[in-house]
Amino acid sequence: MLKGKHIILGICGGIAAYKSAYLLRLLIKAGAEVQVVITPAGKEFITPVTLSALSGKPVISEFFTANTGSWNSHVDLGLWADAMVIAPATASTIGKMANGVADNMLVTTYLSAKAPVFVAPAMDLDMFAHPSTQRNLQLLRQYGNHIIEPASGELASHLVGKGRMEEPENIVKVLEEYFAASQSLACKRIMVTAGPTYEKIDPVRYIGNYSSGKMGYAIAEECASRGAEVVIISGPVSLKAENQSIKVVDVESAQEMYDASVKEFPRCDAAIMCAAVADYCVENQSSHKIKREHDELPVIRLKKNPDIAASLGTMKSDRQVLAGFALETDNEDANAVEKLHRKHLDFIVLNSLNEPGAGFKTDTNKVTIIDNTGNRRVYDLKSKRLVAKDIVDVLIEKMP
Ligand code: CTP
């Protein structure tokens, strides 16, 4: 999995820096090309000569190479990398990364890196437990960085507790698992519907709903990060797909979402129906702005929209997986199971508006996934990005 991968190994000033030499050796043995970037404090703990001999490359520490005066481009380095691993990561560097304090080559490279970043903290137990360190780690998690939790054991201070950098073998394992997972949807094409639909009343008004599209976009990003070709059929949202490979088809009404979905679905291996589609549209749309001064109150007559998920359910072949969502306020479980069967879904993601932190607009969600064999998985309240991971894990299980 690591053969030919470009990895930046960031080393900070901590006792565990001696383990970085072994980590570097393991990465090289696994076939990776490794560029070491070390902080000034890191050099107090391990010499660049050792690291350069092991990596076969000069170690970068400063913005300029002293003898030649040539500039080390953190931007080029950040773009070169397939992954960046910071091991050991000290409390100080974690704080700088969390807050964008770009005062050394390691942190500037981190800020320029587009690749996934893995952070292996190493410090004394009290420093690790301090709310400041924990808050900074939480920020890094929110940025999408992967924290490789330190182990518990005897520390350099001889105190015993959580703070020992994870063993190099395990750090390599985390990287291998990451790269394996990033291929798990390779050659698969996945469609995601996201956001609300707007049903026109007149040229200036519509019927809509509170959906932000965050859940659908998070699922699309997760599928893309696992190697899938992704198309989002997106209602009006203020989001942009971060992964450049994601194709976005913008639609407004349920009918437009239906047309785009029916066109895309036959070329897809799976579809996740995350959009909050309006059940009704306006039958008597006005081509002119409806005015306030009316003798009688205007009447908006509604007609049913097509059920996109149910239509795809009837089109679906054995090689395709179809998943839906159910956002319920009452009889949550029974309603979700009824939709699962009526729409011929392989699984349904139930979220309840009664759960604090779940549903529309929030950055978090709490879901239960029910599949067509009756299997139920209940998850904790998590960020929508982590919920997307759980959903895509189930999707992969269901793929033929
Ligand atoms: N859905 C769809 N097209 C519609 C309505 C819903 O594709 N016209 C999809 C949603 O994207 C979701 C699932 O069907 O994956 C369930 O949506 P939901 O609004 O909960 O259910 P409805 O079938 O609309 O039923 P109700 O509004 O009565 O709860």
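A polar contact here is a pair of N or O atoms within 3.5 Å. Keep that cut-off in mind for the first stops. The model is a predicted one.

**Stop 1**

Select the ligand and A275. A backbone N or O atom of A275 sits 2.7 Å from a ligand oxygen. Now show the side chain of K343. There, an N or O atom lies 2.5 Å from a ligand oxygen atom. Switch to a surface view. On its own the ligand has 560 Å² of accessible area, and the protein covers 79% of that.

**Stop 1: the shell**

Select the residues around the ligand. How many residues surround the ligand? There are 15, and the closest are M273, A275, D279, K339 and K343. Colour them by class: nine are nonpolar, five are charged and one is polar.

Then colour by secondary structure. Three elements each supply at least two shell residues: helix 11 (308-315), strand 16 (321-328) and helix 12 (332-342). Which element gives the largest share of the shell? Strand 16 does, with four residues.

**Stop 3**

Hide the ligand and look at the space it takes. That space is the second largest pocket. The volume of this pocket is about 930 Å³. It is lined by 38 residues, and A275, A276, V277, D279 and F325 are the closest to its centre. Select helix 9 (214-225), helix 11, strand 16, helix 12 and strand 17 (347-352); these are the elements that give two or more residues to the lining. Strand 16 again has the largest share, with four residues of the lining. By class, the lining counts 18 nonpolar, twelve polar and eight charged residues.

**Stop 2: a cis peptide bond**

What kind of peptide bond joins A87 and P88? The bond is cis, with omega about 0 degrees. For P88, the setting is strand 3, residues 83-89.

**Stop 3: a positive phi**

Last, select C187. Look in the loop between helix 8 (168-181) and strand 8 (189-194). Phi of C187 is near 70 degrees, a positive value in a residue that is not glycine.

Technical notes
Residues are numbered from 1 along each chain as its sequence is written. This is a predicted model: local features need pLDDT of at least 70, side-chain atom pairs count only at pLDDT 80 or more; totals for chains, interfaces and linings use all residues. Side-chain values use heavy atoms; hydrogens and water are left out. A residue is near a molecule or strand if one of its heavy atoms lies within 4 Å of it. A polar contact is a pair of N or O atoms within 3.5 Å; within protein, one must be able to donate a hydrogen and the other to accept it, and residues adjacent in sequence count only if both atoms are side-chain atoms. Accessible areas come from the Shrake-Rupley method with a 1.4 Å probe; for residues, only the protein chains shown count as cover. On a 1 Å grid over the protein atoms alone, a cavity is a set of points where a 1.4 Å probe fits but cannot get out, and a pocket is an open set with protein on both sides within 12 Å along at least five of seven lines; lining residues have an atom within 4 Å of a point. A molecule sits in a cavity or pocket if more than half of its atoms lie within 2 Å of its grid points. Ala, Val, Leu, Ile, Met, Phe, Trp, Tyr, Cys and Pro count as nonpolar, Asp, Glu, Lys and Arg as charged, and the others, Gly among them, as polar. Grid points are joined across faces, edges and corners, and a volume is the space filled by probe spheres set on the points.
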